[in-house]
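Thank you for making the time this morning.

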Amino acid sequence: MNKRVKDYFGTSHLTILICYTIFAIILIAEALYLSWEKWALMLIGAAVVLTWIIHIGQTLNEVARKWIYSIIMMATMFFYGTHRTSTFDVGLLMAVIILLLISTGMTRIITLCQITYYLIMTYDLIQMLIAGEKFDGLVITRIMLHIVVITAVCNVARGIIKRWISIMDKSEEEKEALADTTQKLNDFLTIISHEIRTPINAIIGLTGVSIEMEENDEIKKNLKSVSEAGKRVGSQISDILDNSEIDMNTIAVNNEDYMISSLLQDIVTAIPRDRLADKELVIDVAPTIPAVMRSDVSMIKKIFKHLIDNGLKYTKEGGVYVKLTSEKRDYGINLLIEVTDTGVGMSEEEIENIFDGFYKANFGRIKSSNGLGLGLSIVHGFAKKLNGFVTVESEVGKGTTVRVSLPQQVVDPQGCMIPENPDRLSLGAYFHFEKYPNPHVREFYNSMVRNLAQGLKLQLQRADNLTGFKRLSRNTEFTHIFVGKEEYLEDPAYFDRLSKKALVEVVCDSSFKRPEGSNIRLLRKPFYCFLVMNVLDSVLGDEASTKRLYARGVRALVVDDEPMNRTVAREIFAGYKMEVYTADSGREAVEFIAQNDIDIIFMDHMMPEMDGVEAMKRIRGALSKSKKEIPIVALTANAVSTAREMFINEGFDAFLAKPIETIELERVLKRVLPKFLLSEERLESKDSDSLHQGNI
């Protein structure tokens with residue numbers, strides 16, 4: 001009997017025990033009334049206590065317990081049946097017990113019942129003969145009928161047990177076959193996704209380099225479209241891999257320290273600006289959230305990404321509100337993510353199915369929606385893996401709210417937003433939120449501004465009309481002024497004059513350009529707290545610029561057997577002013593390192609003859625003799641969650657997945673290279689934003 005069958009029939013223990021206890025109590029009561037042997041009643045009572053002790057203590061295995069219960073029950077039945085008043089009652093009671101014992105799944109126990117009944121009837125017949133009772137036709141037919149019925153019931157019971165076992169064995173075989181098919185499908189998707197990553201890496205990498213070099217605006221626009229298409233395919237490949245890992249329960253948790261401010265900056269940077277067309281994205285972060293926490297950053301990023309993508313995708317007009325708070329716990333905090341949209345909403349049936357992979361809610365109502373329908377399924381899988389949970393509230397036509405709770409370890413309990421010099425700050429704001437036709441969007445912005453000011457304990461004086469703001473500015477000397485684009489355009493000259501004595505930040509979309517000769521700053525949407533914090537830490541006279549990371553003169557070796565990948569990597573790393581060398585195999589890399597000085601190595605994993613792990617270990621071995629260390633970064637399309645841990649455990653200093661993301665690359669460079677090899681240089685531009693949010 002396989003494990004699943006045992007588990008199914010294993011539920012019979014308690015049922016049998018309860019029924020036997022009830023039967024024993026009734027029997028004892030009847031025996032006392034009829035003055036039967038009292039010593040036997042004491043044994044029956046002791047047997048009931050013994051069976052419960054065995055059951056509660058679980059001292060024996062399942063089969064042994066079933067046999068003990070059954071034997072004790074049959075002994076009790078024998079005592080009951082050997083009394084003359086029970087001769088023709090015992091058959092009915094035995095039939096009920098046999099049907100009950102079908103749940104044991106053991107045909108031998110049914111045979112024990114049958115034999116016990118035959119012994120009872122034999123004993124009773126002998127007693128009847130000794131007593132000289134007359135065997136007329138009625139008595140004989142009753143005896144024969146009872147024997148035939150019990151025999152038939154036992155045969156049926158054995159047949160039912162055998163049939164159940166056969167069906168469940170077959171079901172188990174079908175389940176194993178289905179699991180094997182699913183495994184093969186997931187393996188196939190993983191392999192295909194890995195192979196597709198190579199050309200996608202080339203598309204994204206080369207178009208990114210070309211965009212920076214191209215001066216023709218029309219060509220640059222087309223290249224950006226190609227790049228976005230490549231990123232979309234790459235994102236869908238990543239979703240397939242994530243869903244496969246969740247489905248196979250092979251996903252690994254890679255915990256590391258992270259700053260919530262950096263995480264949100266990465267998320268906002270990665271949002272395509274066309275997704276925000278005619279929609280508002282408002283991000284409200286509680287300043288009391290710990291500055292540094294520990295968890296799987298990659299999973300948390302993807303949770304944010306899918307929640308925001310879903311909100312924007314199914315919202316035609318209005319916006320998406322992301323609220324981030326925390327609750328203290330003994331183990332650290334629960335990070336609470338709440339994403340509310342003003343979209344089409346979902347029915348109860350759709351909510352029930354939304355966590356299933358490849359299910360697309362509202363598919364009939366929004367046929368143009370993109371994606372594979374894996375978003376909330378992946379969010380649910382990641383949250384469960386991180387010991388968190390997800391809840392969904394929605395109503396058709398009235399939007400959706402998704403709440404995620406994720407346990408986090410706290411590394412630095414200090415709040416994530418603390419101004420450097422709060423005493424010198426004097427903030428003014430002119431926002432006329434009534435310009436947004438959707439009342440929910442107005443409330444989103446009001447909540448964000450209110451919560452930010454209260455959380456930072458800063459005095460913020462705000463007006464919702466120009467006359468009121470002018471009155472405030474006459475009576476207050478502001479250090480920082482925040483104003484909406486439409487509000488600024490009501491009187492540009494006035495705000496330009498203010499910008500000579502205070503930092504004036506205009507919150508606008510990417511299409512708005514700073515007027516010639518103006519000193520205002522542009523704060524690109526989405527408007528959220530960490531942008532504001534960076535502004536508060538700057539003072540009047542700071543140059544409006546962005547910074548670009550460089551690794552001038554760093555000698556980098558790229559090892560990859562794919563010529564296309566080497567070309568892409570060469571162009572990307574050259575953009576950081578590195579001296580880039582390439583090798584097409586692990587063996588060539590080992591030979592190159594032996595004859596040249598290199599500062600960093602980017603090593604592919606899957607290569608013929610000598611893979612990246614073996615090449616890395618040979619290089620490490622050779623370098624150990626000269627006591628020289630070179631950081632070696634795994635650069636591979638193997639992006640499953642267990643890959644990072646595997647490469648780090650093998651001895652790599654860091655891990656980069658293809659296609660190469662600028663944010664991750666720069667993070668790796670800052671972590672593995674000495675600080676004196678890196679520099680951050682300002683990029684001056686008359687139209688540069690106060691804070692750059694695009695990819696470098």
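Predicted model: local features only at pLDDT ≥ 70, side-chain atom pairs only at ≥ 80, totals over all residues.

**A walk through the model**

Let me start with strands β10 (residues 480–484) and β11 (residues 503–508), which pair in the parallel sense over five bridges. Here strands (E, at least two residues) and helices (H or I, at least four residues) are DSSP runs, numbered from the N terminus, and two strands pair if DSSP finds at least two bridges between them. Residues are numbered from 1 along each chain as its sequence is written, and side-chain values use heavy atoms, with hydrogens and water left out.

Within this pair of strands, Val483 stands opposite Val506 in β11. Both strands belong to an open sheet of five strands, in the order β9-β8-β10-β11-β12, with parallel pairing. At its edges are β9 (460–463) and β12 (521–524), each of which pairs on one side only. Neighbouring strands of this sheet are turned by 25° against each other on average, direction ignored; for such angles, axes are lines fitted to C-alpha atoms, for helices over the stretch in contact, and angles run from 0 to 180 degrees between N-to-C directions.

Two helices lie across these strands. Helix α14 (residues 466–475) lies across β8 (427–430), β9 and β10 and runs at about 145° to β9, whereas helix α17 (residues 529–536) lies across β8, β10, β11 and β12, running at about 145° to β10. In the loop between β11 and β12 you will find Arg514, which is buried, with a relative accessible area of 17%; buried means under 20% relative accessible area, exposed over 50%, and partly exposed in between, with a 1.4 Å probe and protein chains only. The side chain of Arg514 reaches the backbone oxygen of Ile520 at 3.1 Å.

Five strands form an open sheet in the order β15-β14-β16-β17-β18, and the pairing is parallel. Because β15 (579–583) and β18 (654–657) stand at the edges with a single partner strand each, one side of each is left without a neighbour in the sheet. From one strand to the next, the twist averages 25°. Four bridges join β14 (residues 555–559) to β16 (residues 600–603) in the parallel sense, and the bridge partner of Val558 in β16 is Phe602. Helix α19 (residues 586–595) packs on the sheet and touches β14, β15 and β16, its direction making about 160° with that of β14, where touching, or contact, means heavy atoms within 4.5 Å. Helix α22 (residues 662–672) also packs on the sheet, touching β16, β17 (632–636) and β18, with its direction at about 165° to that of β18.

Now, where do the nonpolar residues gather? In soluble globular proteins, nonpolar side chains tend to be buried together. A nonpolar core, as I use the term, is a set of buried Ala, Val, Leu, Ile, Met, Phe, Trp, Tyr and Cys residues joined through side-chain atoms within 4.5 Å. The largest such core has 74 residues, and those with the most contacts inside it are Val285 and Val404. Helix α10 (residues 297–313) gives the most to this core, with eight residues. A second, separate core has 46 residues, including Trp36 and Tyr80.

Strands β6 (residues 389–394) and β7 (residues 400–415) run antiparallel and are joined by six bridges. In their hairpin, which has five residues between the strands, Gly397 takes a positive phi near 85°.

Finally, is Glu280 buried or exposed? Glu280, in strand β2 (residues 279–285), is buried, with a relative accessible area of 12%. Its side chain makes a polar contact with the side chain of Tyr445 at 2.5 Å, a polar contact being a pair of N or O atoms within 3.5 Å, where, within protein, one must be able to donate a hydrogen and the other to accept it, and residues adjacent in sequence count only if both atoms are side-chain atoms.
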